[in-house]
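Colleague: I would like to learn how to read a structure one feature at a time. Could we work through an example together?

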Amino acid sequence: MDALAIRHCRERTDKLSDAEATALLAQVEGWAIEDGRLRKTFAFKNYYHTIAFVNLVAWIANKENHHPDLMVGYNKCRVEFVTHSAGGISENDFICAARIDAVQNN
């Protein structure tokens, strides 16, 4: 498990610079920074698996107290993180992205 995935979100966090965000982006496969958000679309074979993933993301978000926007379709879910209190992407966004990937890939 990578270093980001074993960390926990901090209550207060600052917006990352573009260089800091780009460096962390290399640690979360398949994620992209688009429109000021950390974003990834996950594909599934059916609605049941999609909703199971949504529940997994909800569990992680609740545990970390850091909640993404989710766009759910029949066989896909787009996850978007941005830290509103920091005014942009923060380290917490990358921590949650890595945690989702770690659980999803196992």
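Colleague: Where is the place of Ile51?

Modeller: Before the answer, note that this is a predicted model. Ile51 sits in helix H2.

Colleague: Is Ile51 buried, exposed or partly exposed?

Modeller: The general idea is to compare the relative accessible area with two cut-offs: under 20% is buried, over 50% is exposed, and the range in between is partly exposed. Ile51 has a relative accessible area of 28%, so it is partly exposed.

Colleague: How many residues apart in sequence are Ile51 and Lys76, and how far apart in space?

Modeller: In sequence they are 25 residues apart. From C-alpha to C-alpha the separation in space is 9.2 Å.

Colleague: What does Val54 touch, leaving out residues up to four places away in sequence?

Modeller: Val54 is also placed in helix H2. With that exclusion, Val54 touches Leu70, Val72 and Cys77. Its relative accessible area is 15%, so Val54 is buried. The C-alpha atoms of Val54 and Arg10 are separated by 23 Å, and these two residues are 44 residues apart along the chain.

Colleague: How are two packed helices described?

Modeller: Two numbers are used: the angle between the axes and the distance between the axes. Here, helix H2 covers residues 47-64 and helix H3 covers residues 91-104. They pack at an angle of about 135°, and their axes are 10 Å apart. That angle makes H2 oblique to H3. The crossing of H2 and H3 is right-handed.

Colleague: Which residues in H2 and H3 meet?

Modeller: From H2 come Phe53, Leu56, Val57, Ile60 and Glu64. On the H3 side they meet Cys96, Arg99, Ile100, Val103 and Gln104. Sorted by class, this contact has seven nonpolar, one polar and two charged residues.

Colleague: Where is the place of His8, and what does it touch beyond residues up to four places away in sequence?

Modeller: His8 belongs to the segment before H1. With those neighbours left out, His8 touches Glu64, Ile95 and Arg99. His8 and Glu64 are 56 residues apart along the chain, while their C-alpha atoms are separated by 6.5 Å. At 46% relative accessibility, His8 counts as partly exposed.

Colleague: Next topic, salt bridges. How many salt bridges does the count come to?

Modeller: A pair is counted when a side-chain nitrogen of Lys or Arg is within 4 Å of a carboxyl oxygen of Asp or Glu. By this rule the count comes to ten salt bridges.

Colleague: What does Arg7 form a salt bridge with?

Modeller: The partner of Arg7 is Glu91, and the closest N and O atoms are 2.8 Å apart. This pair links distant parts of the chain: Arg7 is in the segment before helix H1 (18-25), and Glu91 is in helix H3, 84 residues apart. Arg7 has a relative accessible area of 33%, so it is partly exposed. Glu91 has 18% relative accessibility and therefore counts as buried.

Glu91 also meets Arg10 in a salt bridge, at 3.7 Å from N to O. Again the link is between distant parts of the chain, with Glu91 in helix H3 and Arg10 in the segment before H1, 81 residues apart. Arg10 is partly exposed, with a relative accessible area of 44%.

Colleague: Which residues are linked in a network of salt bridges?

Modeller: The network links Glu34, Asp35, Arg37, Arg39, Asp69, Arg78 and Glu80. In one of its pairs, the side chains of Arg39 and Asp35 meet at 3.5 Å, N to O. Arg39 counts as buried at 13% relative accessibility, whereas Asp35 is exposed at 71%.

Colleague: Last topic, the backbone angle phi. What is phi of Asp35 near?

Modeller: Most residues other than glycine have a negative phi. For Asp35 the value is near 55°, which is positive. Asp35 is placed in the loop between strand E1 (32-34) and strand E2 (37-43).

Colleague: Where does Asn65 lie, and what is its phi near?

Modeller: Asn65 lies in the loop between H2 and strand E3 (69-72). Its phi is near 55°, a positive value in a residue other than glycine. Asn65 is exposed, with a relative accessible area of 60%.

Note on methods: Residues are numbered from 1 along each chain as its sequence is written. This is a predicted model: local features need pLDDT of at least 70, side-chain atom pairs count only at pLDDT 80 or more; totals for chains, interfaces and linings use all residues. Side-chain values use heavy atoms; hydrogens and water are left out. Axes are lines fitted to C-alpha atoms, for helices over the stretch in contact, and angles run from 0 to 180 degrees between N-to-C directions. Helices (H or I, at least four residues) and strands (E, at least two) are DSSP runs, numbered from the N terminus. Angles under 35 degrees count as roughly parallel, over 145 as roughly antiparallel, 65 to 115 as roughly perpendicular and the rest as oblique. A crossing is left-handed if the near helix is turned anticlockwise from the far one by less than a right angle, and right-handed if clockwise. Contact means heavy atoms within 4.5 Å. Ala, Val, Leu, Ile, Met, Phe, Trp, Tyr, Cys and Pro count as nonpolar, Asp, Glu, Lys and Arg as charged, and the others, Gly among them, as polar. Buried means under 20% relative accessible area, exposed over 50%, partly exposed in between (1.4 Å probe, protein chains only).
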